[in-house]
Amino acid sequence: MLSPHGRLLSLRHPQVMGILNLTPDSFFDGSRVASEKDLLTRAEAMLKAGAAVLDLGAYSTRPGAADIPEAEETQGLLPAVEALRREFPNAFLSADTFRAGVAAAAVAAGADLVNDVGGGTLDPQMVATIGRLRVPYVLMHLRGTPQTMSKLTHYEDDLVLTLLRYFRDGVDALRRAGAVDVVLDPGFGFAKTAAQSHELLRRLPELHALGLPILAGLSRKRMVYGPLGLGPEAALNGTTALHVVALQGGARLLRAHDVAEAVQTIELFAHTFPMAE
């Protein structure tokens, strides 16, 4: 993938996207960034641990999270993008936003990728903006909004078939708008029960029908800790277990709170299942 700023991200082999939450109410408090110093310290640790991408978000998308104005999201995100770009000029930065205006401002500030939980459905200007900027884009599956998604888990048709249609239509719209690099995200836990998320993970190979790389966002989610009777803070081991399943299913990006552990998982997986060059 080629950033509009000239930075490259290869997904020939699996990579890790480190999570940096700029909101005070992230579902996992261990990922919350308290200050610029904290941001830079965490980012440096993630990069040293092997993160290929740093994903910055200033809008909480946990189930039931409160909506915030676009100006507030922008004010939370842009200083972080600017600080990381100054401190780590070669780092590949992702702006986690579903708003086209925020995405455009973040790219202008130095972001290399837009990670959209709405897959273009929450802002009618997003697809055209991605095409105009020619910025790599993560197209995630979502129904409703972060505020309503937990009530929209009933699917009339086969779950994977529903996602394939959604991705097909989304990618077609992006291509028509001029977008180049697209990554697919099944949206584990977004408008999906834990059982549905596990079904998606099990059937991940079927999503390769569109020939695009897949991002797996599993880290410390309810689908991990719920079946174990734990909380997010105790879900690292379970996350690692499901990361292995995602890699077996062909995921090329693991979005993770715990970068070192995710990188180690990829390295050991590669030793067991070496990929042909």
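A cavity is a set of grid points where a 1.4 Å probe fits but cannot get out, and its lining residues have an atom within 4 Å of a point. Rolling a probe the size of a water molecule over the atoms shows where empty space is left. Keep in mind that this is a predicted model.

Searching the whole structure turns up two cavities of 30 Å³ or more.

Now go to the largest cavity. It holds about 40 Å³ of space. Its lining consists of L236, T239, T240, H243, A256, D258, E261, A262 and T265. Two elements each give two or more residues to that lining: α8 (236–248) and α9 (259–272). The largest share, four residues, comes from α8. Three of the lining residues of the largest cavity are nonpolar, four are polar and two are charged.

Is P136 buried or exposed? P136 is buried, because its relative accessible area is 1%, and buried means under 20%.

What does P136 touch, leaving aside residues up to four places away in sequence? Its contacts are M1, L2, S3, P4, D112, L113, V114 and D181. A179 is 43 residues from P136 along the chain, yet their C-alpha atoms are separated by 7.6 Å.

Technical notes: Residues are numbered from 1 along each chain as its sequence is written. This is a predicted model: local features need pLDDT of at least 70, side-chain atom pairs count only at pLDDT 80 or more; totals for chains, interfaces and linings use all residues. Side-chain values use heavy atoms; hydrogens and water are left out. On a 1 Å grid over the protein atoms alone, a cavity is a set of points where a 1.4 Å probe fits but cannot get out, and a pocket is an open set with protein on both sides within 12 Å along at least five of seven lines; lining residues have an atom within 4 Å of a point. Grid points are joined across faces, edges and corners, and a volume is the space filled by probe spheres set on the points. Ala, Val, Leu, Ile, Met, Phe, Trp, Tyr, Cys and Pro count as nonpolar, Asp, Glu, Lys and Arg as charged, and the others, Gly among them, as polar. Buried means under 20% relative accessible area, exposed over 50%, partly exposed in between (1.4 Å probe, protein chains only). Contact means heavy atoms within 4.5 Å.
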